[in-house]
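Please read these points with the model open beside you. They go region by region, and each can be checked on screen.

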Amino acid sequence: MIGRICGTGSYIPPKILSNDDLSEMVETNDEWIQERTGVRRRHLADKETTSFMASEAAKRALENAKIKPEEIDFILVASSTPDVLFPSVACTVQEEIGAVNAAGYDMQAACTGFVFGYQTAQAYIAAGIYRTILVIGSECISSLVDWTDRGTCILFGDGAGAVILRAEEGTPYPPAAHLDGSRGEALICHNRCTAEFLEFLSDKEGKEIPKNFYIQMDGRAVFQFAVRSVPQVTEEVLEKAGLTVEDIDWFVLHQANRRIVEAVAKRLKTDIGKFPMNLQEYGNTSSASVPILLDEMNREGMLKRGQKIVLAGFGAGLAYGASVLEW
Ligand code: ACO
């Protein structure tokens, strides 16, 4: 069996932070940010939580798929920023959308989370365990951003995206997925639910939160990793599928930086027009970026039945993965 995407949805918080707004917070400017990253503005959660955004994206995906919540068998939420440690975001979504027959859980793989979630859902469907699966990427990543660090705060934004997979006759293309834990320090954020952080809280008087409890990134190292690993994992997944770059209609990449997307297109020797981008509007929404982009393409009528799409994620881990799907 194969899981075909039958509906997509997304939720973007209305609050906007422009590059000009950022230039009043740290020493930067619109020109630098646009030239180095492609980002013009980002949307930030105001009162919205990761669960709220996930549930809204899920409701829109259900509407788009024209299926009832009770038909969902399983809910997989990729997130690094759950509003509570437990219950999982999946539990909150299950209750909020009325998916009374669904099981589910959260998985954390940072910016690769949605792609790994998609692969896990395909495996459940291929094994005949579940038939209808909701896969969500939802992040309130702004809560982990150090808003005094110009090297990272220009990049990120909040939001959620969701897809619904339905079982059909067929065989899915094999996935490609990798971890390189030896380079984990290049992009790291310490857990705030630790003895170290609790000790800091108990002795907080006049002290700032230590930097390691915010996103810490070696930007150049992550950039180099991305421009090498994404073409490599794309070529690998295409080879496994018996396809070539020319067979692919769309490359839907994690939206981290316009220069990364352009470098990947160049290394794959293919038309940049096949690499849709929305990072100019939302920045890097981590696990939410791929499903948000898919939802926008779907709603704009860019996706036609039978088209082949590569999904690719990369980020903290360092982790990276890709899947081929037929629309
Ligand atoms: N505004 C103005 N100047 C800046 C800013 C800023 N916001 N940030 C850095 N600079 C300065 C630096 O201090 C440096 O100055 P110097 O030459 O005097 O030392 C200069 O600009 C160049 O800095 P670099 O870090 O070399 O700039 P680079 O071109 O590498 O761009 C960036 C930095 C945008 C962070 C880039 O490295 C990048 O995008 N890396 C990938 C990051 C990424 O995608 N991370 C997430 C992926 S995984 C995930 O999604 C979690």
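**Notes on the predicted model**

1. Start with the stretch 238-327. Over these residues the chain is 32% helix and 22% strand, with 16 Å between the end C-alpha atoms. Helices (H or I, at least four residues) and strands (E, at least two) are DSSP runs, numbered from the N terminus. The UniProt record (unreviewed entry) annotates residues 238-327 as "domain: Beta-ketoacyl-[acyl-carrier-protein] synthase III C-terminal". UniProt positions are given in the numbering used here, feature names are shortened, and annotations may be inferred rather than shown by experiment.

2. A word on the basis. This is a predicted model: local features need pLDDT of at least 70, side-chain atom pairs count only at pLDDT 80 or more, and totals for chains, interfaces and linings use all residues. Residue numbers run from 1 along each chain as its sequence is written.

3. In contact are 44 residues of domain 1 and 42 residues of domain 2, where contact puts the C-beta atoms, placed from the backbone, within 7 Å.

4. What does domain 1 bring to the side that touches domain 2? Strands S1 (2-11), S3 (41-43), S6 (132-139) and S7 (159-168) and helix H5 (113-126) each supply at least two residues. H5 gives the largest share, 6 residues. By type, this side of domain 1 has 20 nonpolar, 18 polar and 6 charged residues. Ala, Val, Leu, Ile, Met, Phe, Trp, Tyr, Cys and Pro count as nonpolar, Asp, Glu, Lys and Arg as charged, and the others, Gly among them, as polar.

5. Now the ligand. It is surrounded by 23 residues, the closest being Thr-28, Cys-111, Gly-219, Ala-256 and Gly-315. A residue is near a molecule if its C-beta atom, placed from the backbone, lies within 6 Å of it. Helix H2 (30-37) and helix H7 (219-241) each supply at least two residues of this shell. The shell has 12 nonpolar, 8 polar and 3 charged residues. Both domain 1 and domain 2 contribute residues, so the ligand shell lies between them.

6. Where does UniProt place the "active site"? The unreviewed entry puts it at Cys-111, His-254 and Asn-284. These span 174 residues in sequence, but no two of their C-alpha atoms are more than 8.7 Å apart, so they gather at one spot. Cys-111 sits in the loop between strand S5 (103-107) and H5.

7. Check the helix pair H7 and H8 (residues 258-267). They pack at an angle of about 35°, and their axes are 9 Å apart. Axes are lines fitted to C-alpha atoms, for helices over the stretch in contact, and angles run from 0 to 180 degrees between N-to-C directions. On the H7 side, Phe-223, Ala-226, Val-227, Val-230 and Pro-231 meet Ile-260, Ala-263, Val-264 and Arg-267 of H8. This contact has 8 nonpolar residues, no polar and 1 charged.

8. A cis peptide bond joins Phe-86 and Pro-87, with omega about 5°; Pro-87 is in the loop between strand S4 (74-78) and helix H4 (89-97). Another cis peptide bond joins Gly-317 and Leu-318, with omega about -5°. Leu-318 lies in the loop between strand S12 (308-315) and strand S13 (319-326). Lys-66, a residue other than glycine, has a positive phi near 55°. Its loop runs between helix H3 (50-65) and S4.

Note on methods. Domain bounds come from an automatic or database domain assignment. Two residues are in contact if their C-beta atoms, placed from the backbone, lie within 7 Å.
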